[in-house]
Amino acid sequence: MNLNQLKYFLAIVKTGSFSNAADDMYISQSSMSKQIKALETELGIDLFKREHSKVYLTDIGAEFAKYAESTVKQHNDMLLYLDEFATKKSNTIRFGSIPVVSSYGLSGQIADFTNNYNPNINVVIDMHENNQQEVMKELFDGSIDIALIRTDYLENTEAFDFIPYKKDVFVLVCNKEHPLTAKDSVTPEGLLPYPLSLLDVQSVIYTIVTRAFESHGIDKQPKCLTTRHKILMEILQTSPNITLLPNSLVDLDAYPHLTTVPLTEELTSNVALIKLKKRRLNKITKDFWTYWQKTLPLQ
């Protein structure tokens with residue numbers, strides 16, 4: 001038995017389904033099911049009754065839930081207590097982000113913070129980029145303290161503090177020789193004849209684009225998926241495919257064979273710096289959070 005299994009168990013109790021719990025905990029439903037099955041096997045009891053898409057606690061499962069809640073609470077209280085001591089010695093900002101830091105020009109802003117901070121303190125930025133699912137998992141696990149993410153389909157928003165950073169407007173991206181470049185703007189229906197490339201299914205951008213098509217009753221399946229927008233633009237330079245991306249991510253200087261075309265209907269995505277309300281930050285991370293609020297207003 002481990003703490004994550006208890007957290008997964010309590011997430012199912014809260015949401016009433018394995019799929020919703022998996023979404024909340026940012027793991028796959030199959031992984032969630034395996035963890036709960038392993039927990040039930042170790043305990044030698046059935047924690048849930050399964051009926052169609054719903055699950056219900058067994059009588060012994062309801063009793064176990066009391067102990068699970070107490071155990072998780074004690075663990076969180078312990079971490080908060082120890083954090084009082086650990087954070088006083090830490091000069092590290094643990095920062096996770098979706099792959100937008102260079103596209104948004106944030107490297108310079110972060111450098112300004114570190115260069116202008118107390119000269120007697122060596123500021124360490126422990127920052128890395130990953131897909132949003134992994135960034136959120138790390139935020140909940142405590143591997144990072146703050147995260148720059150897309151908030152469009154973020155659940156449990158009451159658990160977070162937010163600093164809105166950017167409202168991204170989507171554009172069509174294609175090769176300069178593409179027939180759609182003759183248009184002043186394009187509709188979703190106008191994209192139907194052309195093969196679509198997108199970021200992978202774990203990205204919020206994929207969800208935004210596919211739902212936009214669905215809202216028009218269009219079943220537009222991508223022909224190509226990739227994990228990074230720069231790889232996507234590299235592919236489009238010599239491809240007849242098209243894509244939809246936030247305009248901020250499109251670097252036409254780096255990819256001179258590409259161009260953009262506005263969309264007839266505005267499609268947007270919202271980016272924000274977030275942290276968990278219950279997570280205590282060390283002093284330097286608190287200062288960075290305040291610096292972000294003051295110097296990086298909503299764009």
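**Entry 1**

Buried here means under 20% relative accessible area, exposed over 50%, and partly exposed in between (1.4 Å probe, protein chains only).

The model is predicted: local features need pLDDT of at least 70 and side-chain atom pairs count only at pLDDT 80 or more, while totals for chains, interfaces and linings use all residues. Residues are numbered from 1 along each chain as its sequence is written, and side-chain values use heavy atoms, with hydrogens and water left out.

I then listed the contacts (heavy atoms within 4.5 Å) of leucine 148. Setting aside residues up to four places away in sequence, leucine 148 touches Phe95, Gly96, Ser97, Ile98, Val100, Leu106, Tyr165, Val271, Ala272, Leu273 and Trp292.

**Entry 2: aromatic rings**

I searched the whole structure for aromatic pairs and found 14. Phenylalanine 95 and tryptophan 292 form one that is edge-to-face, with 6.1 Å centre to centre and 85 degrees between the planes. This pair links distant parts of the chain: phenylalanine 95 is in strand S3 (residues 92-97) and tryptophan 292 in helix H9 (residues 283-295), 197 residues apart. Rings of Phe, Tyr and Trp (its six-membered ring) pair if their centres lie within 6.5 Å; planes under 30 degrees apart are stacked, over 60 edge-to-face, and the rest tilted.

Phenylalanine 95 is buried at a relative accessible area of 1%, and tryptophan 292 is buried at 0%. Ring pairs join Phe95, Tyr104, Phe113, Tyr117, Tyr165, Phe288, Tyr291 and Trp292 into a cluster.

I also checked for charges over rings (NZ of Lys or CZ of Arg within 6 Å of the ring centre and within 35 degrees of the ring normal). Lysine 166 lies over the face of tyrosine 104, at 5.2 Å from the ring centre. The charged end of arginine 211 sits over the ring of tyrosine 153, 4.4 Å from its centre.

**Entry 3: helix H1**

Helices (H or I, at least four residues) and strands (E, at least two) are DSSP runs, numbered from the N terminus. In H1, I found Gln5, Leu6, Tyr8, Phe9, Leu10, Ala11, Ile12 and Thr15 buried. H1 is followed by glycine 16, whose phi is positive, near 80 degrees.
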